[in-house]
Amino acid sequence: MGASSLVGFLMAAVAALLVAAATPAAAAPRAFFVFGDSLVDNGNNNYLMTTARADAPPYGIDFPTHMPTGRFSNGLNIPDIISEYLGSQPALPYLSPDLRGENLLVGANFASAGVGILNDTGIQFVNIIRIGQQLDNFENYQRNLAAFVGEDAARQVVQQSLVLITLGGNDFVNNYYLVPFSVRSRQFAIQDYVPYLISEYRKILTRLHDLGPRRVIVTGTGMIGCVPAELAMHSIDGECATDLTRAADLFNPQLERMLAELNSELGGHVFIAANTNKISFDFMFNPQDYGFVTAKVACCGQGPYNGIGLCTPASNVCANRDVYAYWDAFHPTERANRLIVAQIMHGSTDHISPMNLSTILAMDERRN
Ligand SMILES: *[C@@H]1O[C@H](CO)[C@@H](O)[C@H](O)[C@H]1NC(C)=O
Ligand SMILES: *[C@@H]1O[C@H](CO)[C@@H](O)[C@H](O)[C@H]1NC(C)=O
């Protein structure tokens with residue numbers, strides 16, 4: 001770049017900054033709120049006495065800082081990548097001391113690894129933030145936000161926000177099928193347990209709606225029978241675990257039906273169903289088409305499929321995380337997370353319904 005074109009470039013950049021600064025607050029990225037489990041926790045559990053944590057290396061090995069943050073990923077997780085699409089910084093964990101002042105306007109992440117729809121899911125992790133408490137924390141956040149910007153502005157931030165909630169996987173993996181500790185599997189057959197989960201989830205989502213948000217992405221469970229941990233425990237030949245696969249096949253369609261019912265009761269497209277099972281199916285069964293060498297072996301871990309135990313500083317770690325779909329025994333790599341979010345943004349109604357997120361964002365932009 002020559003000196004004069006550099007000056008021209010700098011002037012254009014300054015002008016762009018001035019325009020951005022002069023644009024009214026309405027054009028700021030919408031706030032983003034996140035609820036749920038380890039697939040979306042970005043560091044709340046760092047502040048808790050629990051074994052469900054990801055705050056030691058090699059977690060974060062590909063994060064911009066190359067440091068662990070509490071995200072269950074080598075790099076970015078699903079909420080981080082949605083924040084990129086929104087043009088925002090990642091929302092801070094609710095428990096972060098930095099979540100105050102201007103940072104409140106970005107949103108907040110209330111998620112906590114290990115939780116489920118039911119209160120007794122994840123009890124083995126002792127001190128985690130159950131979903132009811134996550135919603136209580138959201139109320140408290142709203143009080144802090146109102147103290148900062150005023151009641152009306154706070155209500156508007158929440159109403160115009162985007163929400164992501166990810167629950168359900170742990171109600172199977174860390175509850176119903178938790179060998180040998182499952183009480184639930186003695187109480188319920190799986191075909192009765194799933195409708196119970198759905199009816200409890202409905203109450204949670206109704207309360208979330210009552211707290212103000214009007215756009216809520218709800219993910220189903222991914223392919224919980226095919227994660228490296230399950231392959232290591234239940235599979236001799238690399239086939240997915242049949243009981244967990246059946247559970248996901250029962251849960252996801254019932255969840256979608258419940259969300260459609262809620263939408264028709266509430267009027268409008270409040271709940272957006274992301275079929276993460278279908279989304280991950282393609283790259284699970286055709287990994288090479290997506291540039292993965294494997295969708296069965298975790299990058300970080302030990303034992304068969306690197307699926308036994310936790311990902312720790314003593315584990316095997318693959319050299320190139322971009323060619324693995326799974327980072328640890330349960331959680332996708334950043335690259336797999338990018339494929340998932342791309343489908344949430346631009347996918348067909350098989351993957352995201354009633355419409356994809358790019359359509360929702362464009363609709364809302366026109367309205368505001
Ligand atoms: C879970 O705990 C919350 C808060 O204590 C309570 O309001 C809710 O009813 C409980 N849910 C179930 C299914 O017991
Ligand atoms: C995303 O949604 C828009 C609007 O409904 C639609 O035109 C587009 O085809 C969708 N993308 C896919 C891949 O279906």
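**Briefing: sheet, helix packing and ligand surroundings**

An open sheet of 6 strands has the order 2-1-3-4-5-8, and its pairing is mixed. Strand 2 (107-109) and strand 8 (352-353) stand at the edges with a single partner strand each, so one side of each lacks a neighbour in the sheet. The model described here is predicted.

- Strands of a sheet pair through backbone hydrogen bonds, in either a parallel or an antiparallel manner.
- Strand 5 (residues 271-274) and strand 8 run antiparallel and are joined by 2 bridges.
- Within this part of the sheet, Ala273 stands opposite Ser353 of strand 8.
- Helix 9 (residues 242-266) lies across strand 4 (216-219), strand 5 and strand 8, and it runs at about 165° to strand 5.

**Helix 2 with helix 11**

- Two packed helices are described by the angle between their axes and by the distance between those axes.
- The axes of helix 2 (residues 78-86) and helix 11 (residues 334-346) cross at roughly 50° and come within 9 Å.
- Helix 2 is therefore oblique to helix 11.
- The crossing of helix 2 and helix 11 is right-handed.
- Helix 2 contributes Ile78, Ile81, Ile82 and Tyr85 to the contact, while helix 11 contributes Asn337, Arg338, Ile340, Val341 and Met345.
- By class, the residues of the contact between helix 2 and helix 11 are 7 nonpolar, 1 polar and 1 charged.

**Helix 10 with helix 11**

- Helix 10 (residues 276-285) packs with helix 11 at an angle of about 125°, and their axes are 10 Å apart.
- Helix 10 and helix 11 are therefore oblique to each other.
- Helix 10 passes helix 11 in a right-handed crossing.
- On helix 10 the contact is made by Thr276, Ile279, Ser280 and Phe283, and on helix 11 by Ala336, Leu339, Ile340 and Gln343.
- The residues of the contact of helix 10 with helix 11 comprise 5 nonpolar, 3 polar and no charged.
- Ile340 of helix 11 takes part in the contact with helix 2 and also in the contact with helix 10.

**Surroundings of the ligands**

- Leu118, Asn119, Gly132 and Glu200 are the residues around ligand 1.
- The shell around ligand 1 has 1 nonpolar, 2 polar and 1 charged residues.
- Around ligand 2 are His346, Gly347, Ser348, Met355, Asn356, Ser358 and Thr359.
- The shell around ligand 2 divides into 1 nonpolar, 6 polar and no charged residues.

Notes:
Residues numbered from 1 in each chain as written. Chains lettered and ligands numbered in written order. Predicted model: local features only at pLDDT ≥ 70, side-chain atom pairs only at ≥ 80, totals over all residues. Near = placed C-beta within 6 Å. Nonpolar A, V, L, I, M, F, W, Y, C, P; charged D, E, K, R; others polar. Axes fitted to C-alpha atoms, helices over the stretch in contact; angles between N-to-C directions. Helix = DSSP H or I, 4+ residues; strand = E, 2+ residues; numbered from the N terminus. Parallel < 35°, antiparallel > 145°, perpendicular 65-115°, else oblique. Left-handed = near helix turned anticlockwise from the far one by under 90°. Contact = placed C-beta atoms within 7 Å. Pairing = 2+ DSSP bridges.
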